[in-house]
Amino acid sequence: MNKKRCTAIVLAAGNGSRMKSDVAKQYMDLCGKPLIWYALHTIEESSVMDDCILVTGAEDISYVKDEIVARYDFCKVNAVVAGGRERYDSVYHALQLIADGKIDVPNQDGYVFIHDGARPFLTEEILQRCYEQVQASKACVAGMPVKDTIKIADREGFAAQTPNRNLVWQIQTPQVFESALIIEAYERLMREKGRLSAEGIKITDDAMVVETLMNTPVKLVEASYENIKITTPEDMATAEAFLRKNAEIF
């Protein structure tokens, strides 16, 4: 079977307020490279990925084009676009380029890999596993089973439920979908987000868009416990330790 085209959407539009830094976290130095470099490098070297749309803050587009894409010769990045107020707005902006055929090679019938730029430990193995699964199920997300017991709290902060730990996963990225499926899901989201908000439904990831608005099940794919998202200064220290351990990869 011929390989279908795979486009990455890498989200790097956050301001990193929890990092307590004047520099957005995706551009902070991590062992000599900007944090965003690591995910982009894996995509650039991947046999799965064909191209990439990078989503960043509107004020950062010129910087990203010059100091990230051009400086490190990321040839697979064929568009740098401005993000939106919410995460789902940023994803929608990128999906519009695919839907409208405004990237170098159209991809309306391939697959879209949506990845947080603040997750530097994306690997070829994760991409391969997600690609194999999305062909079978149309929608899948990277994640790992939780290690700790999880408690569901009530409104007063008391433990109300203890779900079966064997059924609870910590969701990561990439989140991967057939192009047509995720484009239609986000079109519906844009039309119905007022209703969802009124009903108290908060969209927190791409899988939830597909689950909620397309009634499509999303398969969970084991990724790695090292596939962490950099959110706090403590996460940077953990990331540096992972990089020292995996020096031969990066």
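Predicted model: local features only at pLDDT ≥ 70, side-chain atom pairs only at ≥ 80, totals over all residues.
Q: Which residues of helix α2 are buried?
A: In α2 (residues 61–70), the buried ones are Ile 61, Val 64, Ile 68 and Val 69. Buried means under 20% relative accessible area, exposed over 50%, partly exposed in between (1.4 Å probe, protein chains only). Helices (H or I, at least four residues) and strands (E, at least two) are DSSP runs, numbered from the N terminus.

Q: Why do they sit on the same side of α2?
A: Because they cover an arc of only 80° around the axis, taken from the directions from the helix axis to the C-beta atoms.

Q: What covers them?
A: The cover includes β3 (33–34), α1 (35–45), β4 (51–56) and β5 (77–82), with contact meaning heavy atoms within 4.5 Å.

Q: And what's exposed on the face turned away?
A: Ser 62 and Ala 70.

Q: What does Asp 51 pair with?
A: Arg 5, with the closest N and O atoms 3.8 Å apart. The pair links distant parts of the chain, 46 residues apart: Asp 51 is in strand β4, Arg 5 in the segment before β1 (6–12).

Q: Buried or exposed, that Asp 51?
A: Asp 51 is buried at 2% relative accessible area, whereas Arg 5 is partly exposed at 24%.

Methods:
Residues numbered from 1 in each chain as written. Heavy atoms only, no water. Salt bridge = Lys/Arg side-chain N within 4 Å of Asp/Glu carboxyl O.
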